[in-house]
Amino acid sequence: MSTKTIANWTSSLTYSSLSPSIVQSTIQSFYNWTGCTVGGSSHPATTIARNALTPFFGAPTSTLFDSHKHQKTDAQHAALLNGIASHVHDYDDTHLETIIHPTGPVAAALLGITETLQRPVSGKEFITALVAGIEVECKCGLAVWPSHYDVGWHITSTTGSIGAAVAVSKLLGLSPDQIAHAIGIAATQVTGLREMFGSHTKSFHPGRAAQNGLMAAILASDGYTSSLEALEAKRGWVNVVSDDDKLQNLVASLGKEGAWEIEKNSFKPFPCGIVIHPVIDGCVQLHEVLGGSGKRYEDITDVQLTVHPLVLELTGKTKPRDGLEAKFSVYHGAAIGLLLDKATPAQYEDAVVTDTEVISLRDKIHATADEKCRPDECHIVVNFASAGGTSASIEKHVDHAIGSVHCPMSDSQLTEKFMDQCVPVLGLERTQKASEWCWILDRHGDVREIKEFF
């Protein structure tokens, strides 16, 4: 009865049961999500979706994180569009054990419904609901990992709708039976194929998951039914979407000390597939070495990367055609790290991906998979041709990339990332106020105040 167990746990979860570490991890996750959503609000994937769907918007209850317009739409479309915006730069958080981007679907749905309520929603209440959704989302992901992902499902959205349904159900105060029905309604709306990576549709996945989960909770709140064994039944979610089934033990660990998934969440320093991060980290460091060595980029003969096998499986695009494809190219990541000393959304613009200097260096980069290499580790060798036919090389070994569990981003680094994404959209003054507001999420009497900043 895993579905009912999840529902009972969700219903009984209280803010007082959350440790300071869990609360802080949740605030960091929401803070990072907010910055990514604002930063992605002007991306073509977001604007195309918004413009196409505007004629179908309902009552304007919920905020779109949309530059200076203070635009509102109905909760369903807000969940969809904010979910798209949060993921489009591939800059959002990552639960490293499943590579789920957990906050996107859950926060987009939760914030969408929060603004429709005719009562204050405290920061503590919001955090409790967000934790519930993320915990269930990640436990479901762990239950079907890795076969679910390997066969081609986008695990962020397939689990995200379930997490979103749980979070919204918690905020609405649904009964355990209603929560179980909401989980079933969400689970039957399986969304997301990995084939879409590198296109606008990848970011559609978490947006649709947010929308699906929100709808599931609303339907359940009005008496709509589903199977009460939607996750664990023979023809239920787990058994249909994977060859793995570890759900029962994982559900039993909900709320147990040392088993909180939100505390394992990580934040990206670079807007691309997380498996590329060790390479970018190392190449940025090598850029500084090159600057002081007197060596020229045009003298580079080749760059040799030794990486974890997943790097080539997930990010092996050798000739990306645009910014979205470049997010799945370890070769582009290495090139911009070496050449430009950074990897922000600006280095994933189409103009940079098609720049002749970047392409020239990218074509000299070669990657080899090594099973002994950890996912957050890599080795880089840059070879040069020198005068007189001699050769030289410089090397860098990255043991743990920035943003990994062993080398997490600090709050100051998260703030810098937030400012970098939000200032071009909101301006400096509004961004500073939004940043300060988000960092003290737990102290607010009414989360609906967030509309004042966006």
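Between domain 1 and domain 2, one residue pair is in polar contact, with both residues at pLDDT 80 or more. The structure shown above is a predicted model, and this pair is a starting point for examining how its two parts meet. On the side of domain 1 that touches domain 2, the residues comprise seven nonpolar, seven polar and five charged.

Domain 1 is made up of two stretches, 2-269 and 409-452, whereas domain 2 covers 274-398. Their C-alpha centres are 33 Å apart. To the contact, domain 1 contributes 19 residues and domain 2 contributes twelve.

The extent of this contact can also be expressed as an area. About 1,200 Å² is buried between domain 1 and domain 2, and carbon and sulfur atoms give 68% of that area. Within domain 1, the residues that lose the most area to domain 2 are His89, Gly198 and Lys268. Together these three account for 32% of what the domain 1 side buries.

Charged side chains may be considered next. The count of salt bridges between domain 1 and domain 2 is one. In a salt bridge, the side chain of Glu313 meets that of Arg194, with a distance of 3.6 Å from N to O.

Across the whole structure, a search finds three cavities of 30 Å³ or more. The largest cavity holds about 180 Å³ of space. Its lining consists of 16 residues; those nearest the centre of this cavity are Ile99, His101, Tyr149, Phe197 and Phe328.

Definitions and conventions:
Residues are numbered from 1 along each chain as its sequence is written. This is a predicted model: local features need pLDDT of at least 70, side-chain atom pairs count only at pLDDT 80 or more; totals for chains, interfaces and linings use all residues. Side-chain values use heavy atoms; hydrogens and water are left out. Domain bounds come from an automatic or database domain assignment. Contact means heavy atoms within 4.5 Å. Buried area is the accessible area (1.4 Å probe) that two parts lose on being put together, summed over both. A salt bridge is a side-chain nitrogen of Lys or Arg within 4 Å of a carboxyl oxygen of Asp or Glu. A polar contact is a pair of N or O atoms within 3.5 Å; within protein, one must be able to donate a hydrogen and the other to accept it, and residues adjacent in sequence count only if both atoms are side-chain atoms. Ala, Val, Leu, Ile, Met, Phe, Trp, Tyr, Cys and Pro count as nonpolar, Asp, Glu, Lys and Arg as charged, and the others, Gly among them, as polar. On a 1 Å grid over the protein atoms alone, a cavity is a set of points where a 1.4 Å probe fits but cannot get out, and a pocket is an open set with protein on both sides within 12 Å along at least five of seven lines; lining residues have an atom within 4 Å of a point. Grid points are joined across faces, edges and corners, and a volume is the space filled by probe spheres set on the points.
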